[in-house]
Every structure is written in C-alpha cells, then in structure tokens.
Amino acid sequence: MFFYFLLFVIIQRCIELIIAKYNEDWMKKRGGIEFGQSHYPLMVMVHSLFFIVLTVEVVVFEKGLSSYWYYLLPLFILTQGVRIWALSSLGRFWNTKIIVLPNAKVVTKGPYRWLKHPNYLVVAMEFLILPLLFQAYYTALVFTLLNFFILAIRIPAEEEALKALTKYEEAFPLKRDEEIGKI
C-alpha cells in the first residue's frame, strides 16, 4: 500500500515539474524575472529527501498504515484538491521557482481570495499527513521543521519580488503583522 501511495505522489510531483518548466519558459519569454535562486536548491533537496527519508523510516522500521488512516486519508485528499485549486488558479504564473512577470495582474481568485500562499499550506500539511498516515513520526517532525525553515526564507523573498514588480500590496493590503494580529 505504501509504495502505491508513494508512487502516486511522486508521479504527481513529476507532472508538476513538467508544468513548472513549461510555465517558466512561458514567463521568461515574456520578460519574467527569477528571484530566490540561492535558496531554491535547498528547497529541492528538502523536498527530495522527504520521500527518501519517509521511505526509509517506513521500510526499515516496518511501519504500517496508521489506525487513524480513515481521518488522515480524507485530509490528504482534501489537501490535493486545494493544491489543484491553487495551481489552476495561478495558471501559467504557477511555478516551483519564484518568477515574476513585471506588471502582471496579481492573482486573487480561488484560494488566493483568503490566503496569500495556499500551496505552501498544502505542502506543510503534506509533510505532516503523509508520514502520519504510515506512522513515520520522525519524518513528520524533521520535515515539518525543515519546511518551516525554508518557508521563513522563501515567503519573504517571494513577497518582496511581487512587491517590486507588481501591485501586490494593493491586491493584498494587509501586512503580515496585521494578519497575525487578526488571527
């Protein structure tokens, strides 16, 4: 069961990488500018290692399906729905890299009506749900922390790039401190 599940997620990620490359080419041909190149290899490494460490923990320690799978599986399916919704809402502007097309209209439809970065929330949820689904508690803990570290670098870099080249602040007028204060 684990390997089928893992295969599904890896195939999904490979398809996303193909789409991201297509979108990157499309944006760069229209003047898109890339930001955050220094942290991107670290992000790729963490996301790649996640699958390796998850597999090792499940296989070596003979972990099985969690007894809470009936809660975790629907939650995983929900996150995939939000992932597809977020990516399709961005359309050609979605990418695994930070690429901004100067003066492009900022996307505020779909889940972006409520969250600035819904796909990062999905990834954070996946870094918890997938390991918990197969009782890989160390993987859940370590990669949740690593993802938090990466997002602490990536989100500010992405927001600064968007602020510099688009009307991002007009589209999302609340500052981070104001958002946190309202929670």
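What follows is a chat about a predicted model of a protein chain.

Me: How confident is the predictor in this chain, on average?
Reply: The protein chain of this predicted model averages a pLDDT of 94, and 95% of the residues score at least 70.

Me: And which residues have a pLDDT below 50?
Reply: That is the stretch over residues 179–183, which has three contacts in the model once near neighbours in sequence are set aside.

Me: OK, on to His39. Where is it?
Reply: His39 sits in the loop between β1, which covers residues 33–35, and α2.

Me: Is His39 buried or exposed?
Reply: His39 has a relative accessible area of 7%, and because the limit for buried is under 20%, it counts as buried.

Me: What does it touch, then?
Reply: Leaving out residues up to four places away in sequence, His39 touches Ile98, Ile153, Arg154 and Ala157. With Arg154 there is also a polar contact from side chain to side chain, at 3.3 Å.

Me: What about Leu130, buried or exposed?
Reply: Leu130 lies in helix α4, and with a relative accessible area of 3% it is buried. Not counting residues up to four places away in sequence, Leu130 touches Phe5, Val9, Phe50, Leu54 and Phe76.

Me: How far apart are Leu130 and Glu16?
Reply: In sequence, Leu130 and Glu16 are 114 residues apart, while in space their C-alpha atoms are 18 Å apart.

Me: Changing topic: what is the phi of Asn103?
Reply: Asn103 has a positive phi of about 65 degrees, although it is not a glycine. Asn103 is found in the loop between β2 (98–100) and α4 (118–133), and at a relative accessible area of 70% it is exposed.

Me: And what about the phi of Gln135?
Reply: Gln135, also a residue other than glycine, has a positive phi near 60 degrees. Gln135 is placed in the loop between α4 and α5, the latter being residues 137–165, and with a relative accessible area of 26% it is partly exposed.

Terms used. Residues are numbered from 1 along each chain as its sequence is written. This is a predicted model: local features need pLDDT of at least 70, side-chain atom pairs count only at pLDDT 80 or more; totals for chains, interfaces and linings use all residues. Side-chain values use heavy atoms; hydrogens and water are left out. Helices (H or I, at least four residues) and strands (E, at least two) are DSSP runs, numbered from the N terminus. Buried means under 20% relative accessible area, exposed over 50%, partly exposed in between (1.4 Å probe, protein chains only). A polar contact is a pair of N or O atoms within 3.5 Å; within protein, one must be able to donate a hydrogen and the other to accept it, and residues adjacent in sequence count only if both atoms are side-chain atoms. Contact means heavy atoms within 4.5 Å. pLDDT is the predictor's confidence in each residue, from 0 to 100.
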